[in-house]
Amino acid sequence: MLRLLLQELRFRRGAIIGWGLGLCFFPVVYVGLYPSFADQMENFYTILDLPIYQALGITMASFEGYMASTVTNLVPVILAIYAVINGTGTLAGEEDSGRLEMIVALPTPRWQIVAVKAVALGVALVLILAISATGAALTLLTILSQVESNVTVLDLFLSLMAAWPLVMAFGMISLFLGAFSPSRRIASMIAMVVVVVSYLGSNLTGMIDSLKSIENLFLFHFYDATAEALESGQQLGNVLVLLVVALVAFGLAVFFFQIRDVTVGAWPWQRGRIPEAAQE
């Protein structure tokens with residue numbers, strides 16, 4: 001099992017480095033450029049008051065608000081895309097490429113295969129976030145003397161690392177969809193819809209009082225990407241909710257992978273019928 005885990009991590013090595021550096025570039029640029037146009041931010045306030053920007057969670061009335069809107073608000077969204085790509089590619093993608101058939105032929109229980117891939121995905125997400133958070137923190141360190149802010153370098157680093165339960169939840173949902181859906185394409189489409197709807201829905205429920213009753217349906221609601229969260233951190237209850245979602249999705253992935261007919265490309269309720277149709 002350990003050997004399989006090391007193999008999975010080596011398989012993701014390029015993606016970890018590429019996504020880590022790419023995602024690191026994003027906060028480095030936004031944080032680093034702030035001092036050059038801080039005096040002009042008031043010119044954008046009228047535009048940023050538009051509902052479309054509020055729906056995206058963008059508010060830049062202060063340096064903390066600027067960082068929350070451009071860094072801690074958007075980095076998890078971008079990393080969620082990687083979680084979807086990796087999560088759906090882990091089982092469904094390997095099945096499409098023919099690699100999964102060789103893996104399940106190993107003398108390893110299927111639940112262990114899913115567990116190893118889930119752990120590898122979780123480690124990859126941690127490393128990517130760590131690279132991005134380190135770059136953002138070091139950039140903040142270089143400009144901290146040029147801005148007025150109570151946010152420390154450690155605050156920014158921990159705030160980005162706190163996005164791990166959120167992206168892990170999306171990763172496990174994608175892993176489950178890869179085990180449940182007949183193909184990676186379908187699993188990816190569903191997972192991306194979950195991410196987009198969760199992000200926009202969370203912001204809309206924060207703006208419209210009549211939608212407050214459904215705010216708990218959106219995972220982004222449980223990740224506080226506000227200026228206040230930069231200093232105070234995430235609420236423990238929200239973190240636990242995201243971890244429970246990830247755990248439940250992992251359990252569903254194990255269950256449906258146990259009963260999956262590998263290489264058949266069928267929905268769970270079609271199990272046993274597709275081979276007969278193929279023979280005809």
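This is a predicted model: local features need pLDDT of at least 70, side-chain atom pairs count only at pLDDT 80 or more; totals for chains, interfaces and linings use all residues.
1. The largest nonpolar core has 71 residues, where a nonpolar core is a set of buried Ala, Val, Leu, Ile, Met, Phe, Trp, Tyr and Cys residues joined through side-chain atoms within 4.5 Å. Buried means under 20% relative accessible area, exposed over 50% and partly exposed in between, with a 1.4 Å probe and protein chains only. The residues with the most contacts inside this core are M67, L79, L125, L140, F170 and M172. Helix α8 supplies its largest share, 14 residues. M67, one of the residues with the most contacts in the core, touches T72, L140, V151, L156 and L230 once residues up to four places away in sequence are set aside; contact means heavy atoms within 4.5 Å.

2. Residues are numbered from 1 along each chain as its sequence is written, and side-chain values use heavy atoms, with hydrogens and water left out.

3. As for the overall fold, the chain holds 14 helices and 0 strands. Helices (H or I, at least four residues) and strands (E, at least two) are DSSP runs, numbered from the N terminus. Of the 280 residues of the chain, 46% count as buried. Among contacts between residues at least 6 apart in sequence, 78% join residues at least 24 apart.

4. The crossing is right-handed; a crossing is left-handed if the near helix is turned anticlockwise from the far one by less than a right angle, and right-handed if clockwise. On the α8 side the contact is made by V114, A118, L121, G122, L125, V126 and L129, and on the α10 side by W164, V167, M168, G171, M172 and L175. These residues divide into 11 nonpolar, 2 polar and no charged, with Ala, Val, Leu, Ile, Met, Phe, Trp, Tyr, Cys and Pro taken as nonpolar, Asp, Glu, Lys and Arg as charged, and the others, Gly among them, as polar.

5. T139 also lies in helix α8. With a relative accessible area of 10%, T139 is buried. Apart from neighbours within four places in sequence, T139 is in contact with V28, V31 and G32.

6. The structure holds 8 aromatic pairs. Rings of Phe, Tyr and Trp (its six-membered ring) pair if their centres lie within 6.5 Å; planes under 30 degrees apart count as stacked, over 60 as edge-to-face and the rest as tilted. W19 and Y82 form a tilted pair, 5.2 Å centre to centre with 50 degrees between the planes. W19 lies in helix α2 (residues 13-37) and Y82 in helix α6 (residues 75-97), so this pair ties together parts that are 63 residues apart in sequence. W19 is partly exposed at 26% relative accessible area, whereas Y82 is buried at 3%.

7. A further pair is formed by F170 and F220: the ring centres are 5.4 Å apart and the planes stand at 40 degrees, so the pair is tilted. F170 is in helix α10 and F220 in the loop between α11 (184-207) and α12 (227-232), and the pair links these distant parts of the chain, 50 residues apart. Relative accessibility is 2% for F170, which counts as buried, and F220 is buried as well, at 6%. Ring pairs also link F176, F180, F255 and F256 into a cluster.

8. F222 is found in the loop between α11 and α12 and is buried, with a relative accessible area of 9%. Leaving aside neighbours within four places in sequence, F222 is in contact with N216, Q234, N238, V241 and L242. The C-alpha atoms of F222 and L166 are 7.8 Å apart, although the two are 56 residues apart in sequence.

9. Two residues of helix α13 (residues 236-258) may be noted, G237 and L252. G237 is partly exposed at 44% relative accessible area, and its C-alpha atom is separated by 8.5 Å from that of F222, 15 residues apart along the chain. L252 is partly exposed at 35%; the C-alpha atoms of L252 and A179, 73 residues apart along the chain, are separated by 8.5 Å.
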